[in-house]
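Good morning, and thank you for making time for this item. Please bring up the sequence and the structure, and I shall go through selected features in turn.

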Amino acid sequence: MFFEEFRPLNHVAIGLGSNLGDRFANLRFGWLSLLELLSEVAISHVYETSPLHFEDQPDFLNACCIGVAELRPGALLARMRRIERRAGRTVRGRRYGPRTLDLDLLLYGNECIRSPRLSLPHPRLLERAFVLVPLAEIAGSWSVPGTGSTVTEAAARIEATGIRQLDRIVSR
């Protein structure tokens with residue numbers, strides 16, 4: 001059973017977001033926790049964005065990180081959910097509502113998966129400038145499986161006004 005969680009190494013992209021509490025500290029907590037799951041890790045600048053769907057909430061801070069994962073996609077996602085809970089995230093409440101930490105598995109190698117628990121690439125990746133802009137910063141040449149385009153090409157096709165670049169969680 002234990003070995004079923006692991007597979008050959010794959011490049012992954014993860015989105016980080018926070019709009020409750022000390023948003024920057026929440027992102028830093030998420031980033032440091034992801035370092036335990038990934039190798040060869042890089043992270044984008046932090047971007048501040050207005051909320052979508054449910055606008056009566058604080059602005060979000062967003063970033064993306066990339067790295068190499070040994071865990072299978074489902075096992076990686078489960079560990080990411082544990083990190084969110086350790087950061088104080090609760091699953092109750094409105095979808096797209098406020099949260100201390102949100103971690104989204106965006107890309108996992110060239111995997112295309114559609115299941116009730118996991119969809120890869122992330123199903124709303126190509127709609128979200130707050131994900132594509134930071135992801136293009138660190139993985140612009142990566143292919144988005146099933147689309148025939150790179151992250152940079154996808155980012156160029158989306159409206160990105162209102163996204164404000166801030167600082168980095170860590171210096172390079």
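I begin in strand β2, which covers residues 38–43 and contains Glu-40. Please bear in mind throughout that this is a predicted model. The backbone at Glu-40 has a phi near 50°, a positive value in a residue that is not glycine. Is Glu-40 buried or exposed? Glu-40 has a relative accessible area of 65%, and the cut-off for an exposed residue is over 50%, so Glu-40 counts as exposed.

The protein contains four helices and 10 strands. The protein has 172 residues, and 48% of them count as buried. Considering contacts with a separation of 6 or more, 70% are made by residues 24 or more positions apart. The accessible surface of the protein is about 8900 Å², and carbon and sulfur atoms account for 52% of that area.

The next element is helix α2, residues 73–86. Does its length depart from expectation or agree with it? The helix has 14 residues, and at 1.5 Å a residue it should span 20 Å. The C-alpha atoms at its ends are 20 Å apart, so the two values agree. The buried residues of α2 are Pro-73, Ala-75, Leu-76, Leu-77, Met-80, Ile-83 and Glu-84. One of these, Glu-84, is a charged residue by the classification used here. After α2 comes Gly-88, with a positive phi near 95°.

A further backbone feature concerns a proline. The peptide bond from Leu-120 to Pro-121 is cis, and its omega is near -10°. Pro-121 itself sits in the loop between β7, residues 119–120, and α3, residues 129–139.

Rolling a probe the size of a water molecule over the atoms shows where empty space is left. The second largest pocket holds about 150 Å³ of space. Which residues of its lining are the closest to its centre? Of the 13 residues that line this pocket, they are Ser-50, Leu-52, Phe-130, Thr-161 and Ile-163. By class, the lining consists of six nonpolar, four polar and three charged residues. Phe-130, one of the residues closest to the centre, falls within the range of α3, residues 129–139.

That concludes my presentation, and I thank you for your attention.

Note on methods
Residues are numbered from 1 along each chain as its sequence is written. This is a predicted model: local features need pLDDT of at least 70, side-chain atom pairs count only at pLDDT 80 or more; totals for chains, interfaces and linings use all residues. Side-chain values use heavy atoms; hydrogens and water are left out. Helices (H or I, at least four residues) and strands (E, at least two) are DSSP runs, numbered from the N terminus. Buried means under 20% relative accessible area, exposed over 50%, partly exposed in between (1.4 Å probe, protein chains only). Contact means heavy atoms within 4.5 Å. Accessible areas come from the Shrake-Rupley method with a 1.4 Å probe; for residues, only the protein chains shown count as cover. On a 1 Å grid over the protein atoms alone, a cavity is a set of points where a 1.4 Å probe fits but cannot get out, and a pocket is an open set with protein on both sides within 12 Å along at least five of seven lines; lining residues have an atom within 4 Å of a point. Grid points are joined across faces, edges and corners, and a volume is the space filled by probe spheres set on the points. The expected span of a helix is 1.5 Å times one less than its number of residues.
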